[in-house]
Amino acid sequence: MAVLQALPNDSVRLGAESSLLYTDIIVQLEDGSLCDVEVQKLGYAFPSQRCACYSSDHLLRQYKRVRGERGDRFNYRDIKVYTIVLFEKSPAELRPYKDCWLHRFRQRSDSGVVMDFLQEFILIPLDIYRKSMENRPISTVLEAWMAFLSFTDPARIEELIVRFPMFKDMYQQAYDLCFDTERVMNMFSKELAILDHNTVMYMVDEMQEELEQKKQVLEQLGQELEQKHQELEQKHQELEQKDQKLEQKDQELEQKDQELEQKHQELEQKDQELEQKDQELEQKDQKLEQKDQELEQKDQELEQKDQELEQKDQELEQKDQELERTKMDAARKDQEIAALKALLAAKKG
């Protein structure tokens with residue numbers, strides 16, 4: 001597909017001063033089809049209905065032109081109209097589709113019958129395309145065309161020309177076209193200028209109605225805010241009363257804090273006295289422990305003495321037993337001596 005020429009329009013005026021268009025170009029393609037390329041500053045209301053009106057206008061143009069050229073050889077299959085709309089700012093209907101920047105529309109039957117109708121529509125939101133191409137290289141021819149129609153950043157333009165050199169001449173033509181006012185002014189249709197004007201007026205009326213509604217809402221909000229202000233004033237007075245009560249409570253708490261501080265100092269003094277008493281008791285405990293150790297040592301010595309005395313007692317008892325046996329032996333000896341003396345005396349007598 002290639003553009004052969006930009007066709008003349010019915011009027012040399014750019015259109016109504018309130019038009020929302022950047023440009024509106026009718027071009028003829030290699031196969032003879034007409035293509036309406038429109039770039040909008042702001043998405044018009046009713047984009048689908050406008051596309052239908054545009055397409056119908058250009059279909060009639062194509063029909064008249066081709067029928068006049070071919071005469072009896074005319075065939076309806078010789079006609080084909082594409083309506084391409086490039087949105088710099090996408091309309092509300094396309095914004096939800098953030099991952100899709102190319103929307104194709106064609107007529108089809110709900111019964112499944114396939115018929116080749118004469119009109120096709122392509123809607124391209126350039127803002128969504130630019131967003132989708134962030135941090136991405138331009139890799140396909142379609143992306144290159146969209147970059148050509150969308151990017152103004154010198155770095156992206158340089159990337160486009162390096163990857164696809166064919167766009168260098170197009171940029172040169174666009175540059176030269178900016179200095180040819182007559183050609184630029186010829187890129188608008190009289191009928192569509194009227195349609196633009198009517199659409200703009202409708203949108204202005206719609207905005208005016210919306211402003212009136214917003215004004216009423218603002219008035220209602222003003223009344224609500226006034227009521228809220230009165231409620232807040234009442235709340236403020238209540239808060240002031242609560243602040244006074246809180247201040248009184250703060251004073252009472254401060255007095256309590258002073259009393260507690262005094263009690264704390266007294267307790268601290270008591271703690272110091274108790275600590276001193278504890279130190280004295282600790283000293284006494286140490287002395288007592290020392291005495292206990294001395295007594296324990298004495299007990300050990302006494303126990304040792306007791307053991308020695310017990311041993312001495314055992315030895316004395318043993319000595320006593322020996323002495324008793326000695327006495328008994330002596331008494332027996334005395335008896336024997338007495339008996340011998342008596343026997344001797346008897347013998348002498």
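This report walks through the overall build of a protein and then one of its pockets.

## The protein as a whole

Welcome to this structure, which is a predicted model. The protein has 349 residues, and 24% of them count as buried. Its accessible surface comes to about 27100 Å², with 52% of that area belonging to carbon and sulfur atoms.

## Helices and strands

Read along the sequence, they follow the pattern β-β-β-α-β-β-β-α-α-α-α-α-α.

Rolling a probe the size of a water molecule over the atoms shows where empty space is left. The second largest pocket has a volume of about 220 Å³. Two elements each give two or more residues to its lining: helix H1, spanning 47-70, and strand E6, spanning 119-125.

Which element provides the largest share of this lining? That is H1, with 5 residues.

## Who lines the pocket

To find the pocket in the structure, look for its lining residues: Pro47, Ser48, Cys51, Ala52, Ser56, Glu93, Leu94, Phe105, Gln107, Gln119, Phe121 and Leu123. Sorted by class, the lining of the second largest pocket holds 7 nonpolar, 4 polar and 1 charged residues. Among the residues on the list, Glu93 counts as charged because Glu belongs to that class.

Note on methods. Residues are numbered from 1 along each chain as its sequence is written. This is a predicted model: local features need pLDDT of at least 70, side-chain atom pairs count only at pLDDT 80 or more; totals for chains, interfaces and linings use all residues. Side-chain values use heavy atoms; hydrogens and water are left out. On a 1 Å grid over the protein atoms alone, a cavity is a set of points where a 1.4 Å probe fits but cannot get out, and a pocket is an open set with protein on both sides within 12 Å along at least five of seven lines; lining residues have an atom within 4 Å of a point. Grid points are joined across faces, edges and corners, and a volume is the space filled by probe spheres set on the points. Helices (H or I, at least four residues) and strands (E, at least two) are DSSP runs, numbered from the N terminus. Buried means under 20% relative accessible area, exposed over 50%, partly exposed in between (1.4 Å probe, protein chains only). Accessible areas come from the Shrake-Rupley method with a 1.4 Å probe; for residues, only the protein chains shown count as cover.
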